Amino acid sequence: MNSKTAIKITLAIVVTVTVFHLCILVGIIPYEITWGGRLKTDEEMYIFESISIIINLLFAATLLIKGQFIKQLIKEKIVNIILWVFLFLFGLNTIGNLFAETVLEKSFSLLTLALAVLIWIVLKSKK
């Protein structure tokens, strides 16, 4: 798989995940089944979901820059560093999801593992 394809697949996943977080934020999906079952109040949910959406937007913007879909606003070295950070975070998140309280959250370990692999492909691809 080439870098462009990996970026497109990752962007599709990020859009889907962002919609998922928006559904939690507006109450379509109950927040009790997310965040490892640790959220106890609406205020906590608003904070965590807002942060998640912001992080997903940062991730999407980084991918769009890396894939040259938008103008490169930051140096490629910084883009790569951000992607390495996301790779590390998705690796940790995969482990964390395996120990979550809900089956839904545990199933996300497959998604975060897939994202880690896709980022690895993007980072290791030759230009």
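Predicted model: local features only at pLDDT ≥ 70, side-chain atom pairs only at ≥ 80, totals over all residues.
Thr 10 is buried, at a relative accessible area of 0%. Buried means under 20% relative accessible area, exposed over 50%, and partly exposed in between (1.4 Å probe, protein chains only). Thr 10 belongs to helix 1. Helices here are DSSP runs (H or I, at least four residues), numbered from the N terminus.

Residues are numbered from 1 along each chain as its sequence is written, and side-chain values use heavy atoms, leaving out hydrogens and water.

## Helix 1 against helix 2

Two packed helices are described by the angle between their axes and the distance between the axes. Helix 1 covers residues 3-25 and helix 2 covers residues 42-66; their axes come within 10 Å and cross at roughly 160°. Helix 1 is therefore roughly antiparallel to helix 2. Axes are lines fitted to C-alpha atoms, for helices over the stretch in contact, and angles run from 0 to 180 degrees between N-to-C directions. Angles under 35 degrees count as roughly parallel, over 145 as roughly antiparallel, 65 to 115 as roughly perpendicular, and the rest as oblique.

The crossing of helix 1 and helix 2 is left-handed. That term applies if the near helix is turned anticlockwise from the far one by less than a right angle; clockwise is right-handed. Lys 8 is another residue of helix 1. Lys 8 is exposed, at 51% relative accessible area. Its C-alpha atom is separated by 8.9 Å from that of Leu 64, 56 residues apart along the chain.

## Helix 4 and its two partners

Helix 4 spans residues 103-124, and its axis comes within 8 Å of the helix 3 axis, crossing at roughly 155°. Helix 3 is therefore roughly antiparallel to helix 4. Helix 3 passes helix 4 with left-handed geometry.

Helix 4 also meets helix 1: the two axes come within 9 Å and cross at roughly 150°. This pair, too, is roughly antiparallel. Its crossing is left-handed.

Side chains of opposite charge can pair when their charged atoms come close. The rule used here asks for a side-chain nitrogen of Lys or Arg within 4 Å of a carboxyl oxygen of Asp or Glu. The count comes to one salt bridge. Lys 66 and Glu 76 form a salt bridge, their closest N and O atoms being 3.3 Å apart. Lys 66 lies in helix 2 and Glu 76 in helix 3, so the pair ties together parts that are 10 residues apart in sequence.

Are the two partners buried or exposed? Lys 66 is buried, with a relative accessible area of 18%. Glu 76 is partly exposed, at 27%.

## Two loop residues

Gln 68 sits in the loop between helix 2 and helix 3. Its phi is positive, about 60°, although Gln 68 is not a glycine. Gln 68 counts as exposed, at 62% relative accessibility.

Ile 28 sits in the loop between helix 1 and helix 2. Ile 28 is exposed, at 63% relative accessibility. From Ile 28 to Val 79 the C-alpha distance is 34 Å, for 51 residues in sequence.

Val 79 is part of helix 3. Val 79 is buried, at 1% relative accessibility. Val 79 and Lys 4 are 15 Å apart, C-alpha to C-alpha, and 75 residues apart in sequence.

Which residues form the nonpolar surface patch? They are Ile 81, Val 85, Phe 88, Leu 89, Leu 92, Ile 95, Leu 98 and Phe 99, with about 830 Å² of accessible area together. Patches are made of residues with over 30% relative accessible area and no salt bridge; like charges are joined within 9 Å, nonpolar side chains (Val, Leu, Ile, Met, Phe, Trp, Tyr) within 5 Å. Accessible areas come from the Shrake-Rupley method with a 1.4 Å probe, and for residues only the protein chains shown count as cover. Ile 95 lies in helix 3, which covers residues 76-98. Ile 95 is partly exposed, with a relative accessible area of 48%.
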